[in-house]
Amino acid sequence: MSKIDVQVTINGEVYREACEPRRTLADFIRKDCGLTGTHLGCEHGVCGACTVRLDGQTVRSCLMLAVQAEGASITTIEGLSDGVELSPLQQAFHDNHGLQCGFCTPGMLLTAQELLEQNPDPTEDEVRDRLAGNLCRCTGYEFIVDSVLDAAGRQAAVAGDA
Amino acid sequence: MAVQSDESTNLVGARVKRTEDGRLLTGRGQFVDDLVLPRMLEAAVLRSPHAHARIVGVDASAALAMEGVFGVLTGADIADEVEPQPVIYHVLPDQRATDTRAIATDRVRWVGQIVAAVVARDRYVAEDALAAIVVDYEPLPVVANLDAALAADAPRLYDDWPDNVVGNIEWSNGDADAAIAGADAVVARRMSVGRLLGCPLEPRGCVASWDPFTDDLDIWMSTQSPNLARDLLGETLRLPGHRIRVRVPDVGGGFGNKFDFYPEEIIASLLSKRCGRPVKLLEDRAESFVATGQSREVVIEATMAAKADGTIVALKAEVRTVCGGALGTVGVGPGWLSATMMTGVYKIPNVDVRLSPVLTNRAPMGSFRGWGQPEANFVNERLIELLAEELGIERNEMRRRNFPAPEEFPYETGVVFTYDSGQYGQCLDLCQDSVRESGWPQRLEAARAEGRSVGIGYGFHVEATAFGPSRILNLVGLNHSGFDEAVVRIDSTGRVTAFTGQVAMGQGIETALAQLTAQTMGVALQDVVVVSGDTATCPYTGYGTGASRGAAMGGASLMRATELLREKVKRIAAYQLEAAPEDLEIHNGRISVRGTPSIGVTLAEIGNAAYRRLSDFPADEDATLEERYVFDPENLAWSYGCTAALVEVDRRTGVTQVLDYVIAHDCGTVINPMIVDGQIHGGATQGIGEALYEELVYDDQGGLTTTSFADYTLPSACEVPRFTLHHMDTPAPHIPGGMKGMGEAGTIGGPAAIANAVDQALADIGVEVRAIPITPPRLLDMIETATREGGRS
Ligand code: FES
Ligand code: FES
């Protein structure tokens with residue numbers, strides 16, 4: 001099958017790779033760009049493990065083709081921290097035991113990041129509602145919810161200080 | 001990442017944050033699909049669309065001719081090259097063998113059974129090639145379910161079997177029939193549990209690399225049991241153990257599903273052998289529903305009888321597990337545990353339990369968290385409530401009257417097991433107090449006043465953990481061991497590496513075992529690393545990381561090995577300090593004379609002396625600092641707990657929502673309460689799924705109708721309540737460190753509690769739950785039937 005060049009920016013770096021038109025965005029990110037933090041739990045759009053942010057919006061990278069992302073700016077789990085320190089959201093997951101096996105975690109973090117940008121002070125129900133599209137088989141969700149609420153609180157504290 | 005703590009005391013019992021989090025939070029974890037080896041190829045397998053058929057022929061020529069395809073394997077190709085897939089449990093005296101190979105040779109017996117495999121440049125090409133393989137099937141009559149399997153004229157799955165029954169076993173104690181005849185109240189029910197999938201979020205997979213020049217097999221597997229896998233790879237592929245190395249990358253959840261040994265591991269190895277290149281073979285999610293061991297499905301006919309004062313006098317049960325078309329790795333082991341745990345936590349003098357697992361044309365059964373125990377608990381804890389109602393005794397009072405008292409332990413159940421320790425009454429009190437404090441009775445009243453259907457249910461459970469005493473397991477029919485070996489080493493810088501045969505799969509043992517090792521040695525947590533998941537460098541654990549073994553077994557052996565090494569360190573320090581070893585203590589990595597802290601030496605100095613400056617080292621000690629210990633327990637350790645559920649049923653839709661949830665629990669010494677809480681939350685959520693949402697549904701032709709997360713519905717954040725947990729921590733009497741396991745607790749106690757709550761919510765119309773999951777259609781049906789029949793009046 002002939003290949004097409006796809007160029008995207010991921011976490012601020014430009015990637016230009018040739019891929020088959022049928023290649024999913026998830027496979028492109030994982031295999032062609034080597035960013036394996038994005039996970040595949042179902043490849044049919046339900047579990048949310050493959051969630052990335054495409055031009056700011058969360059998308060399921062298993063349900064998109066790489067060619068559809070041409071020119072886009074993408075954030076993956078690898079782009080959440082500055083490479084040395086955890087981001088406040090990641091730190092909140094660490095502090096609240098918001099992960100066990102860590103397989104759902106990249107999708108959870110990106111979904112939660114988008115939520116907190118749109119709604120910096122969510123209620124527990126709002127957090128649960130937003131996370132309902134991300135399955136976790138390990139945690140029972142409570143500590144993930146706590147992590148997101150804690151991160152919101154920290155953001156508010158930082159904003160209050162400023 | 002922040003440094004955790006430089007304190008070496010009070011680590012056990014502390015809510016220490018996990019050392020494994022950093023890589024997982026930043027996308028630096030390495031799961032099996034993240035592995036890429038030079039020249040690696042990718043494989044895919046072709047699965048049978050028929051539940052039962054003869055394979056007349058397989059034509060793979062078109063697939064082989066495709067560009068990018070490197071090889072094809074069929075049943076005929078491997079028939080002489082491999083042994084049948086292993087079954088490690090032989091628990092029935094007359095157990096029949098199913099002996100199927102990794103690829104079906106002449107007949108398929110379930111939808112999803114592997115009939116061919118392709119290895120290609122990448123998975124896309126491999127899947128293209130699968131579509132070009134032509135398999136000629138001759139369909140056979142399908143045994144779609146239990147009733148069909150047991151019918152007098154049922155088609156047989158194996159021609160040389162007289163019927164479809166795998167075998168039989170019976171346990172009796174006393175005279176159950178006579179006791180039932182003389183009882184004041186008797187309840188008899190036929191109850192069933194649906195077919196489930198453990199569903200770790202990361203599907204299974206492996207990367208195999210076979211060196212055709214040396215016949216060394218290097219394999220990375222997303223597995224819970226690398227030592228077992230190495231032995232089974234060796235047996236199946238006829239390779240000696242030293243030629244096989246199993247390594248375990250980060251595992252995205254296991255829940256028992258990744259304990260078992262699967263055909264894909266054999267297939268990837270053989271494909272690699274053929275093409276001389278590493279081969280990756282993953283199941284995708286859709287495949288996983290038929291490719292990964294299924295579990296639970298069972299029909300139990302049980303009778304429980306009691307005297308008027310509530311004393312249970314007898315239990316009879318006939319347990320029929322609905323196996324698939326072949327026995328999986330653990331055979332009928334889970335059914336065996338269901339049957340042997342039918343007496344639950346109660347003293348029942350007269351018992352008669354029978355087990356007869358039956359084959360059907362469904363996918364094989366395997367391991368899933370709970371492993372037979374939720375099924376038994378569901379029935380047992382339903383029956384006791386029904387019996388209490390019949391006798392007019394408050395249900396928890398009924399429980400209390402039948403618990404063994406704390407002083408009656410070790411308690412022999414009469415069916416195989418001896419419970420080591422327990423304070424069941426106290427645990428029930430703890431749960432009931434919490435329910436009261438949380439105001440559930442008032443919430444119930446208020447909801448009822450509004451016309452809402454709300455109920456409270458309880459379930460008490462025991463959990464078999466620290467599995468187990470090797471020789472007894474062998475006697476019972478397990479063709480494997482249950483001990484745990486640990487090795488601990490101090491390096492030349494005085495830092496500690498703990499090597500365990502247990503495997504990390506999200507349950508936090510890297511952290512928990514480091515806490516235990518650090519405290520035992522007297523060093524700070526960040527001075528310990530735990531190494532696991534490599535058969536070439538890590539010790540041998542019997543069984544694997546399942547059966548709630550990680551903390552109890554892995555912890556006990558590591559603690560003992562660390563104690564041995566601590567003694568050696570003290571002897572060396574005593575030599576250097578010219579003191580007596582007994583006068584020394586180790587704290588924060590420094591060995592000093594008790595009471596005179598100024599006289600001391602650091603572990604770094606001891607390490608240097610042991611490896612690099614032997615002039616400071618006693619002549620009668622071996623250089624290096626390393627000890628090993630093998631722990632084989634004398635008994636299982638029995639955790640226990642009480643679950644309470646507050647649920648609301650919508651009578652128009654049949655939807656049940658869990659509003660609140662309490663678990664009181666005793667798992668012995670707790671190494672890290674934060675991790676234990678997380679484990680209980682996760683298990684409880686799976687228990688809620690099991691009770692209300694999850695079911696693998698087969699049609700009447702053996703086709704699986706639930707093959708996506710849209711049909712097989714896992715609980716999401718919206719279906720799960722907050723959990724209120726209460727811990728007791730009575731040390732396990734015979735486990736060094738006192739830990740009991742607790743990984744499976746939540747799955748065991750939940751379903752009965754939820755079913756009991758649903759009964760209460762619908763008591764006015766007399767709905768009685770006899771089958772789980774209590775899905776909306778199933779419950780609506782029951783509500784309609786009960787309403788039609790006029791309910792209980
Ligand atoms: S992998 Fe994309 S939603 Fe599950
Ligand atoms: S932490 Fe394992 S799936 Fe969420």
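In which sense do β8(B) and strand β32 (residues 771-772) of chain B pair, and over how many bridges? They pair in the parallel sense, over two bridges; two strands count as paired if DSSP finds at least two bridges between them. Helices (H or I, at least four residues) and strands (E, at least two) are DSSP runs, numbered from the N terminus.

This is a predicted model, in which local features need pLDDT of at least 70 and side-chain atom pairs count only at pLDDT 80 or more, while totals for chains, interfaces and linings use all residues. Residues are numbered from 1 along each chain as its sequence is written, chains are lettered from A and ligands numbered from 1 in the order in which they are written, and side-chain values use heavy atoms, with hydrogens and water left out.

- Within β15(B), the residue opposite B:Ala188 is B:Thr303.
- Strands of a sheet pair through backbone hydrogen bonds, either parallel or antiparallel.

**The four-stranded sheet of chain B**

- Four strands of chain B form an open sheet with mixed pairing, in the order β24-β23-β22-β28.
- Its edge strands are β24 (528-531) and β28 (625-631) of chain B, each of which pairs on one side only.
- Neighbouring strands of this sheet are turned by 15 degrees against each other on average, direction ignored; axes are lines fitted to C-alpha atoms, for helices over the stretch in contact, and angles run from 0 to 180 degrees between N-to-C directions.
- Five bridges hold strand β22 (residues 484-490) and strand β23 (residues 496-500) of chain B in an antiparallel pair, and B:Ile490 has B:Val496 of β23(B) as its bridge partner.
- Helix α16 (residues 509-521) of chain B packs on the sheet and touches β22, β23 and β24 of chain B, where contact means heavy atoms within 4.5 Å. The direction of α16(B) makes about 135 degrees with that of β24(B).
- Helix α17 (residues 550-577) of chain B likewise packs on the sheet, touching β22, β23 and β28 of chain B, with its direction at about 145 degrees to that of β28(B).

**The three-stranded sheet of chain B**

- A second open sheet has the order β25-β26-β27 (chain B), with antiparallel pairing.
- Because β25 (584-587) and β27 (596-602) of chain B stand at the edges with a single partner strand each, one side of each is left without a neighbour in the sheet.
- On average, neighbouring strands of this sheet are turned by 35 degrees against each other, direction ignored.
- β25(B) pairs with strand β26 (residues 590-593) of chain B in the antiparallel sense over four bridges; here B:Leu584 stands opposite B:Val593.
- α17(B) lies across β25, β26 and β27 of chain B and runs at about 115 degrees to β25(B).

**The interface of chains A and B**

- In this interface, 55 residues of chain B are in contact with 51 residues of chain A.
- The buried area is about 4400 Å², with 55% given by carbon and sulfur atoms; buried area is the accessible area (1.4 Å probe) that two parts lose on being put together, summed over both.
- Ten salt bridges cross the interface, a salt bridge being a side-chain nitrogen of Lys or Arg within 4 Å of a carboxyl oxygen of Asp or Glu.
- B:Arg722 and A:Glu142 meet through their side chains in a salt bridge (3.4 Å, N to O).
- The elements that give two or more residues to the side of chain B that touches chain A are α1 (21-25), α4 (123-130) and α19 (673-693) of chain B. The largest share, nine residues, comes from α19(B).

**Salt bridges over all chains**

- The structure holds 75 salt bridges over all chains.
- A:Asp95 and A:Arg154 form a side-chain salt bridge (2.6 Å, N to O).
- This pair links distant parts of the chain, 59 residues apart: A:Asp95 lies in helix α2 (residues 88-95) and A:Arg154 in helix α5 (residues 142-161) of chain A.
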